[in-house]
Amino acid sequence: MIKIKKYAAIDIGSNAMRLLIANVIEEENKPTQFNKSHLIRVPIRLGQDAFTVGEISEESAERMVKAMKAFKLLMDVYQVEQYSACATSAMREAYNGKDLVEEIAKKTGINIDIIEGKTEAAIIANSDLESFIKNDGHYLYVDVGGGSTEFTLFSNGKQIVSKSFKNGTVRLLNNMVTESVWQEIEKWIKTHTADLSNVEIIGSGGNINKIFKMSGKTNDKPLTQTYLVQRFKYLNSLSYEERIYTLGLNTDRADVIIPAIKIYVNAMKWSNAKHIYVPKIGLSDGIVKAMYYKNTKITINKIL
């Protein structure tokens, strides 16, 4: 007997908002399958407001409400049974973040959890990381967002330590990451990987996914630090408009992709990692699994 449930995850990031609709397939005596059905991404850069002036602007709030209404309609159309919506650093830091959450609940019926960095890292750990982690290996998982980057260290099949830093692509674009933050990250990575040999990076986030796609490699093959440095130099040599026209990057990707590479390259350098694997997983994937296993404190909502 096979049961198929439809779950939805809404990830409200600092650079974009995503709606993931997934099929959760249960079959007796077999592992539950989590299959992505649809992924919709809306480029509303909430971090531009939150990190520079401390609030979500009226224009961004209006676009956000419209996007959430669209997400609600799509969940209805796809007959989603339950969903969870999580907002990260931009909504955490905007002084009107909680007010906006209440406004969205009234206007769209969608309930949003504003989650802390530690919770975000725990949710991401719910995703399909286990399929990439060998019991005798050491891995530094790096999830780069617009407002923050989450680092999680795995060793011999177990999660050792995790930390979130206020260093993300939108912050870097606005020159809001001090040298002391970089030094703190460097110290953290070096301290926790000093006694580990052959550390490998697992990268997630829209920017590394795009870089990986541009490389033409198959999913089981990693990128090297040398390749990332070369891509950094190449992309940096192009103007913003050239990155859009020549490479076909979206307008909201063409600027943040460069600071994102900088974070990944530094993580590789400070952990002495030679390779970075890109499994195309992220917060929305983790939210679906967190809902199913109920092992992370997020609000699970039923579609009325």
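Which residues of helix 8 (residues 206-215) are buried? They are Gly206, Asn207, Ile208, Asn209, Ile211 and Phe212. This is a predicted model.

**Helix 8 and its end**

The buried residues of helix 8 include Ile208, Ile211 and Phe212. Gly206, Asn207 and Asn209 are buried too. Just after the helix comes glycine 216, with a positive phi of about 80 degrees.

Strand 6 pairs with strand 7 (residues 149-155) in the antiparallel sense, through 7 bridges. The two strands form a hairpin, with 4 residues between them. Strand 6 also pairs with strand 9 (residues 199-204), here in parallel, over 6 bridges. Valine 142 has partners in both neighbours: phenylalanine 151 is its bridge partner in strand 7, and glycine 203 stands opposite in strand 9.

**Helix 7 against helix 11**

Helix 7 (residues 179-193) and helix 11 (residues 257-271) have axes that come within 9 Å and cross at roughly 40 degrees. Helix 7 is therefore oblique to helix 11. The crossing is right-handed.

Helix 7 makes the contact with Trp182, Ile185, Glu186, Ile189, Lys190 and Thr193. Helix 11 contributes Lys262, Ile263, Asn266, Ala267, Trp270 and Ser271. By class, this contact of helix 7 with helix 11 has 6 nonpolar, 3 polar and 3 charged residues.

Definitions and conventions:
Residues are numbered from 1 along each chain as its sequence is written. This is a predicted model: local features need pLDDT of at least 70, side-chain atom pairs count only at pLDDT 80 or more; totals for chains, interfaces and linings use all residues. Side-chain values use heavy atoms; hydrogens and water are left out. Buried means under 20% relative accessible area, exposed over 50%, partly exposed in between (1.4 Å probe, protein chains only). Two strands pair if DSSP finds at least two bridges between them. Axes are lines fitted to C-alpha atoms, for helices over the stretch in contact, and angles run from 0 to 180 degrees between N-to-C directions. Angles under 35 degrees count as roughly parallel, over 145 as roughly antiparallel, 65 to 115 as roughly perpendicular and the rest as oblique. A crossing is left-handed if the near helix is turned anticlockwise from the far one by less than a right angle, and right-handed if clockwise. Contact means heavy atoms within 4.5 Å. Ala, Val, Leu, Ile, Met, Phe, Trp, Tyr, Cys and Pro count as nonpolar, Asp, Glu, Lys and Arg as charged, and the others, Gly among them, as polar.
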